Amino acid sequence: MTTTQQRISSVDRREQILGIATEMFAEKGFEGTTTREIAAHAQINEALIFRHFPTKEELYWAVLEAKVRSEDFHFRLEELLAGAANVREALLAVAEWTLQRRAEDHATTRLSLFCALERHELSRRFFGHFIAEYFEVLASYLRRQMHLGVLRSADPFMAARSFIGAVVYHSLIQELFGPVDTTGNMDVHEATSLMVSIWLDGMSAETANRRTVAKRKAPKQVLTEIQEPT
């Protein structure tokens, strides 16, 4: 069957190919999608794809790069952290933004999962260029809070990974299985508030009891204990 090619600019044609390739790679992954299928959906000759993207791998990378760059993840994350009055407010903002973004854009999630699960050679490149940079932004913020004494000393990268991991895992459960338990019925704010509280305050009953006792003390008593430690 001969495809009918519409005359459009080279830039527009490239964007058309990227858009269709994004949908197909997100649906079937790298291995499950052929350039012939992409060309058929775009109603162009397959050779035209290779004029813009010399190989299927380069097309795949262009899809991943365009998807992440268009969201401007790093800038938005830095903006949220810089605009927060304190750590709790910062983490709440990051968690809510992450959950909302993932709920609105399943394609990015599927693309990143396919990239990792297929163990494609570009997966390490994808992690190094985008995921690692994302963690670096949050880790740098947490490191500053540790130096200020707001947070206890810990590996900032592990701290960043554990926090984002909790948020993303919650999102994945919702996306894959729906509201299968009580957490599925929570709205975004309720879920993020609970996750931030667990991560920031911990689960130790002993720590919680000490915090409760401290809150009950009169300000004068607390001040005296700080000035004259026993």
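A residue is called buried here when its relative accessible area is under 20% and exposed when that value is over 50%, with partly exposed covering the range in between. Asp201 has a relative accessible area of 24% and is therefore partly exposed. The structure is a predicted model, and what follows should be read with that in mind.

The protein chain contains 12 helices and 0 strands, so that, read from the N terminus on, its elements run α-α-α-α-α-α-α-α-α-α-α-α. Of its 230 residues, 36% are buried, while the accessible surface comes to about 14,400 Å², with 54% of that area belonging to carbon and sulfur atoms. Among the contacts in the chain that have a separation of 6 or more, 68% are accounted for by residues 24 or more positions apart.

The interior is the next place to look. In soluble globular proteins, nonpolar side chains tend to be buried together. The largest nonpolar core in this model has 57 residues, and those with the most contacts inside it are Phe25, Leu59, Leu138 and Phe163. Helix H8, which spans residues 122–147, supplies the largest share of this core, namely 11 residues. Leu59 shows what such packing looks like from one side chain: leaving out residues up to four places away in sequence, Leu59 touches Ile17, Leu18, Ala21, Phe25, Ile38, Ile49 and Phe53.

Which charged side chains meet in salt bridges? A search of the whole structure finds 3 salt bridges, and Asp201 takes part in one of them, its side chain meeting that of Arg88 at 2.8 Å, N to O. This pair links distant parts of the chain, since Asp201 is in helix H10 and Arg88 is in helix H6 (residues 87–104), 113 residues apart. Like Asp201, which is partly exposed, Arg88 counts as partly exposed, because its relative accessibility is 34%.

Another salt bridge joins the side chains of Glu79 and Arg76 at 2.5 Å, N to O. Because Glu79 and Arg76 are 3 residues apart in helix H5 (residues 73–83), they are separated by about one helical turn. Glu79 is partly exposed, with a relative accessible area of 39%, and Arg76 is likewise partly exposed, with a value of 31%. The side chains of Glu37 and Lys28 also meet in a salt bridge, at 3.2 Å, N to O; Glu37 counts as partly exposed at 27% relative accessibility, and Lys28 counts as partly exposed at 32%.

Phe75 and Tyr134 are 59 residues apart in sequence, yet their C-alpha atoms are 9.6 Å apart in space.

Is Thr192 buried or exposed? Thr192, which is found in helix H10, has a relative accessible area of 0% and is therefore buried. Its side chain reaches the backbone oxygen of Val188 at 2.9 Å and the backbone oxygen of His189 at 3.0 Å. When neighbours within four places in sequence are left aside, Thr192 is in contact with Leu92, Ala95, Glu96 and Leu99.

Leu194 is found in helix H10 as well, a helix that covers residues 188–201, but Leu194 counts as partly exposed, because its relative accessibility is 40%. Together with Ile198 and Met203, Leu194 forms a nonpolar patch on the surface, and the three residues have about 310 Å² of accessible area together.

Gln43 has a positive phi of about 60 degrees although Gln43 is not a glycine, and Gln43 lies in the loop between helix H2 (35–42) and helix H3 (46–52).

How values were computed: Residues numbered from 1 in each chain as written. Predicted model: local features only at pLDDT ≥ 70, side-chain atom pairs only at ≥ 80, totals over all residues. Heavy atoms only, no water. Patch = residues over 30% accessible without salt bridge, like charges linked within 9 Å, V, L, I, M, F, W, Y side chains within 5 Å. Areas by Shrake-Rupley, 256 points an atom, 1.4 Å probe, with all protein chains shown as cover. Salt bridge = Lys/Arg side-chain N within 4 Å of Asp/Glu carboxyl O. Helix = DSSP H or I, 4+ residues; strand = E, 2+ residues; numbered from the N terminus. Buried < 20%, exposed > 50% of the residue type's maximum accessible area, 1.4 Å probe, protein only. Polar contact = N/O pair within 3.5 Å; in protein donor to acceptor, adjacent residues only side chain to side chain. Contact = heavy atoms within 4.5 Å. Core = buried A, V, L, I, M, F, W, Y, C linked by side-chain atoms within 4.5 Å.
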